[in-house]
There are 2 protein chains.
Amino acid sequence: MRPFNFSAGPATLPVEVLEQAASEMLDWRGSGMSVMEMSHRGKEYMEIHQTALDDLRALLEIPASHRILFTQGGAIAENALIPLNLLGARQSADYVITGSWSEKSFKEAKKYCTPHVAVSTADEGFRRVPPVEQWRLSDDPAYVHVCTNETVNGVEMFETPSLGDVPLVADVSSHFLSRPMDVAKYGVMYGGAQKNAGIAGLTFVVVREDLLGRTLGICPSAFDWNLVALNNSMYNTPPTYAIYIAGLVFQWLKRQGGLPAIEARNREKAGLLYGAIDASDFYVNDVDPAARSLMNVPFRLHDETLNEAFLKGAKERGLLQLKGHKSVGGMRASIYNAMPLEGVQAVAAYLRDFERQAG
Amino acid sequence: MRPFNFSAGPATLPVEVLEQAASEMLDWRGSGMSVMEMSHRGKEYMEIHQTALDDLRALLEIPASHRILFTQGGAIAENALIPLNLLGARQSADYVITGSWSEKSFKEAKKYCTPHVAVSTADEGFRRVPPVEQWRLSDDPAYVHVCTNETVNGVEMFETPSLGDVPLVADVSSHFLSRPMDVAKYGVMYGGAQKNAGIAGLTFVVVREDLLGRTLGICPSAFDWNLVALNNSMYNTPPTYAIYIAGLVFQWLKRQGGLPAIEARNREKAGLLYGAIDASDFYVNDVDPAARSLMNVPFRLHDETLNEAFLKGAKERGLLQLKGHKSVGGMRASIYNAMPLEGVQAVAAYLRDFERQAG
């Protein structure tokens, strides 16, 4: 059996996806070429590209009002590319800060404008999502930015606020495609694919079409969303193999029953793991239960001198990459779509067994 | 036998590289993980990353004065990122225009400065490389930009000029690693990996260390070369799988005997193909013989009404992607490192046979 890999990203992929990629590596459907070797202008790759776009649209029920862009640079690049593409004539944008990723987005925006903090839970240690009534928007922001799943802090936003005319821009990297989302309520959704939608090197942007055309002149053309959209994500050579893998993941998701079915599985997995953590004072997760992420489950051992022994024992059982992010320490289990229930059951069992041994 | 794929990029890869990638897809060296699934901070991926950097340095004999950066966005993104990273306090940069790629670089630079054309062969149809004596540099340019191999026009720069204190910046995308180059003479070499060094989605930048730190404040942090260098190309999540494939290509190149040996093979291949074109008036390549690219061989049929028949017959023989770039028409055979001699022999034989049939 393969070990279970709880990495926060790049992260575990469905075994079927890896098997298909391996089997097609030297010859994609009789073309005589690997997908890696195909001209992005050739009919074979064009089919892969369009199928990935179409499958993503169907899975997430993306309305016709929104365009899907495939680009590069990850969410960290987008932290700059969002103000570059959305500020237009405006001088400010609002940021809701609920963890280390939204904080990073806010800091990068300072290169291009005077961003405003609508609300922050930094002083409380990033353990909750403030309701929209607590957000203090500025007068005429270009957009309001949120991170709907904070990978490091394990905080997820389950309610999508309605902000009237102000576009809502969301970094959804680490829970994209983990459950249905009401795309129509978002001006922009963006993220890196390497958590729940494929591999590192592919960035997706889902943008409401009427927001295109606000790009500042200093934005590199390769990252000008309007140019990318006009060229169907082929203004420059796209990361073709990463798009192919994302396409295989989308097809796998369809075979699982789509996003409603995957959400049910994800809720079962998360419920099992949080239950095991809460069952004993030996382990601690102090995120507000209403904001606990279904994807990234950080926890601490009450006695942190046992950390090394915990990780060593986990690895011996084939439970990999449970170490928490260096900025917060402790442990973290990322349980993305591709993590089978059996993997979460194995962690839950290990939590009980390790406590019994060490306690 | 696999067909021969003459795509200009993404392009054919060594079969051994594809076979190794397929065989390691589900489990990289007993780690229990695909390379795609590895945390970029884990020891397995760190080893892959560092080995790729080290192998590239050894192959190209990159001196200690230069840093290697792995980034994203391709050469088209770099067209903006070069002025963003190199202008510093200067207002201009000089461009040598020898084909459609250097022309594109020049146009993008206008977003950030007033670029100056040092020399252009546009009026002559991009058929030669003007010697450095014909370049008219401006007073104090931040750099001089060249494209040392014009993929569309089939024009290669074989002499590396000495420009004193002015940094020479070169787009080397389509002949990178095709022969030894004197890296010490370049301030920056950059390109997309998808032609001769791997797959789409990975961009390499080889930069002289003293040029770091000139980055403009409006450059996105993810593409700030100084930050990328300080973080050993892990400021953001790198395109890990593309770096792994590049690493396999580097190891394949070492097994071929390194760059001197690959240059000898490339010269043999190019000589054979240009010889077949020149052998008859039926085919035309009118690039100055001293500037003919060893990698990209554009040619026309004298009677262009035969184009479709030519391409159809080629495909029937397993000779794929011979159609020229849409901006210039005609044919093009890209014969990168991974194209075996047998592939070039097959094209040369087809040129003779097609002429005999159609002539």
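**Close-up 1. Gln194(A) lies in the loop that connects strand S9 (188-192) and strand S10 (203-208) of chain A.** Helices (H or I, at least four residues) and strands (E, at least two) are DSSP runs, numbered from the N terminus. This is a predicted model, in which local features need pLDDT of at least 70 and side-chain atom pairs count only at pLDDT 80 or more, while totals for chains, interfaces and linings use all residues. Residues are numbered from 1 along each chain as its sequence is written, chains are lettered from A and ligands numbered from 1 in the order in which they are written, and side-chain values use heavy atoms, with hydrogens and water left out. Apart from residues up to four places away in sequence, Gln194(A) is in contact (heavy atoms within 4.5 Å) with Gly9(A), Pro10(A), Ala11(A), Ile199(A), Ala200(A), Leu202(A) and Thr237(B).

**Close-up 2. The UniProt annotation "binding site", from an unreviewed entry, covers Trp101(A), Thr151(A), Asp171(A), Gln194(A), Asn236(A) and Thr237(A).** These residues span 137 residues in sequence and their farthest two C-alpha atoms are 29.9 Å apart, so they do not all gather at one spot. Such annotations may be inferred rather than shown by experiment. Trp101(A) belongs to helix H4 (residues 100-109) of chain A, and, leaving aside neighbours within four places in sequence, Trp101(A) contacts Ile76(A), Cys147(A), Glu150(A), Thr151(A) and Val152(A).

**Close-up 3. In chain B, the axes of helix H2 (residues 43-60) and helix H6 (residues 240-255) come within 9 Å and cross at roughly 40°.** H2(B) is therefore oblique to H6(B) (angles under 35 degrees count as roughly parallel, over 145 as roughly antiparallel, 65 to 115 as roughly perpendicular and the rest as oblique). Among the residues that make the contact are Tyr45(B), Ile48(B) and Leu59(B) of H2(B), together with Ile243(B), Tyr244(B) and Phe250(B) of H6(B).

**Close-up 4. The axes of H6(B) and helix H7 (residues 258-278) of chain B come within 7 Å and cross at roughly 80°.** The two helices, H6(B) and H7(B), are therefore roughly perpendicular to each other. Their contact is made by Trp252(B), Leu253(B) and Lys254(B) of H6(B) and by Gly258(B), Leu259(B), Ile262(B) and Arg265(B) of H7(B).

Terms used. Axes are lines fitted to C-alpha atoms, for helices over the stretch in contact, and angles run from 0 to 180 degrees between N-to-C directions.
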